[in-house]
Amino acid sequence: MPKILIVEDDRTISKLIAASLSISGYESVPIYDGEEAVRLIKNDPSYDLILLDIMLPGMDGFQVMESIRPLSIPVIFLTAMGDVSERVKGLKSGAEDYIVKPFEPLELLARIEIVLRRYHRDRKNLEFRDIQVNLEERSVRRAGLLVELTPKEYELLVLFLKHPNVALTRDKILDDVWECSAVIETRTVDNHVQRLRKKLGLEDCLKTVFKVGYRLEG
């Protein structure tokens, strides 16, 4: 189920969006402040899409967009500002789309579907240095040569590649890769990370974050 973050300070609008998303089978998380949104996103960059208002307390939408751009999460701006220059600014900042309030829920859902379809189509391949991952084939190559990974090693690698420069906790890794953090020991994560480092030459960039977990530095 795609998970969508709603960053909108008008709680009535936020609730209406959340209700529409729920009916359409999306999971949503509401937040009402720009600074809090940045902290939340950086702590959990697993969102499939962000619906981002521009006029927010704490940080405005453009500032939020600038802070989270390295995470490569698609964004649709939601705003009452219909000026063409503002729309152009929003799109140039890296947003996938821009929708002006008031809007019909069906239009928003259609825009969301288009962005998610385009985003996932474009994400068939992941690259990092001389490593190429084909998500459709579930294949991994280093400098053009096929590298054999176990299923969990592969899923762990994909998780790191989708969240570059983000410190991932061991519990987060267990939840996403093993889906049973209460059963599997965190030492399992350490062992798999060590094998990834060795197989793919990641010793200098797959960093240990003391008392937290690991971060892939690009």
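Reader: At what angle do the axes of α6 and helix α7 cross?
Author: The model is predicted: local features need pLDDT of at least 70, side-chain atom pairs count only at pLDDT 80 or more, and totals for chains, interfaces and linings use all residues. Residues are numbered from 1 along each chain as its sequence is written, and side-chain values use heavy atoms, without hydrogens and water. Helices (H or I, at least four residues) and strands (E, at least two) are DSSP runs numbered from the N terminus. The axes of α6 and α7 (residues 170–178) come within 10 Å, and they cross at roughly 125 degrees.

Reader: How is α6 placed relative to α7, parallel or oblique?
Author: Axes are lines fitted to C-alpha atoms, for helices over the stretch in contact, with angles from 0 to 180 degrees between N-to-C directions. Angles under 35 degrees count as roughly parallel, over 145 as roughly antiparallel, 65 to 115 as roughly perpendicular and the rest as oblique. The α6 and α7 axes cross at roughly 125 degrees. Therefore α6 is, relative to α7, oblique.

Reader: Which residues of α7 make the contact with α6?
Author: Contact means heavy atoms within 4.5 Å. From α6 come K152, E155, L156, L159 and F160. The residues of this contact divide into six nonpolar, no polar and three charged. On the α7 side the contact is made by I173, D176, V177 and W178.

Reader: How is α6 placed relative to α8, oblique or perpendicular?
Author: The axes of α6 and α8 come within 10 Å and cross at roughly 80 degrees. Because of that angle, the placing of α6 relative to α8 is roughly perpendicular.

Reader: Which residues of α6 make the contact with α8?
Author: The partners in α8 are H192, V193, R195, L196, K199 and L200. The contact of α6 with α8 has six nonpolar, one polar and four charged residues. From α6 the contact takes K152, E153, L156, L157 and F160.

Reader: How far apart are the axes of α7 and α8?
Author: α7 and α8 pack at an angle of about 80 degrees. That makes α7 roughly perpendicular to α8. The distance between the axes of α7 and α8 is 9 Å.

Reader: Which residues of α8 make the contact with α7?
Author: α7 contributes R170, D171, I173, L174 and W178. By class, the contact of α7 with α8 holds four nonpolar, three polar and three charged residues. The residues of α8 are T186, T188, V189, D190 and H192.

Reader: Which elements are included in what covers the buried residues of α7?
Author: Buried means under 20% relative accessible area, exposed over 50% and partly exposed in between (1.4 Å probe, protein chains only). The buried residues of α7 are R170, K172, I173, L174, V177 and W178. Their cover includes α6, β10 (168–169), α8 (186–200) and β12 (213–216).

Reader: Which residues does I173 touch?
Author: I173 is one of the buried residues of α7. Not counting residues up to four places away in sequence, I173 touches L156, L159, F160, L168, W178, V189 and Y214.

Reader: Is L168 buried or exposed?
Author: L168 sits in strand β10. Leaving out residues up to four places away in sequence, L168 touches L159, F160, H163, I173, V212, G213 and Y214. The relative accessibility of L168 is 2%, so L168 counts as buried.

Reader: What relative accessible area does G34 have?
Author: G34 belongs to helix α2 (residues 34–43). Beyond residues up to four places away in sequence, G34 touches L56, P57, M59 and V64. G34 is buried, and its relative accessible area is 0%.

Reader: What is the phi of N165?
Author: N165 lies in the loop between α6 and β10. At 47% relative accessibility, N165 counts as partly exposed. N165 is not a glycine, yet its phi is positive, at about 65 degrees.

Reader: What is the omega of the peptide bond from K101 to P102?
Author: P102 is in the loop between β5 (97–100) and α5 (105–122). The bond from K101 to P102 is cis, and its omega is near -10 degrees.

Key. Nonpolar A, V, L, I, M, F, W, Y, C, P; charged D, E, K, R; others polar.
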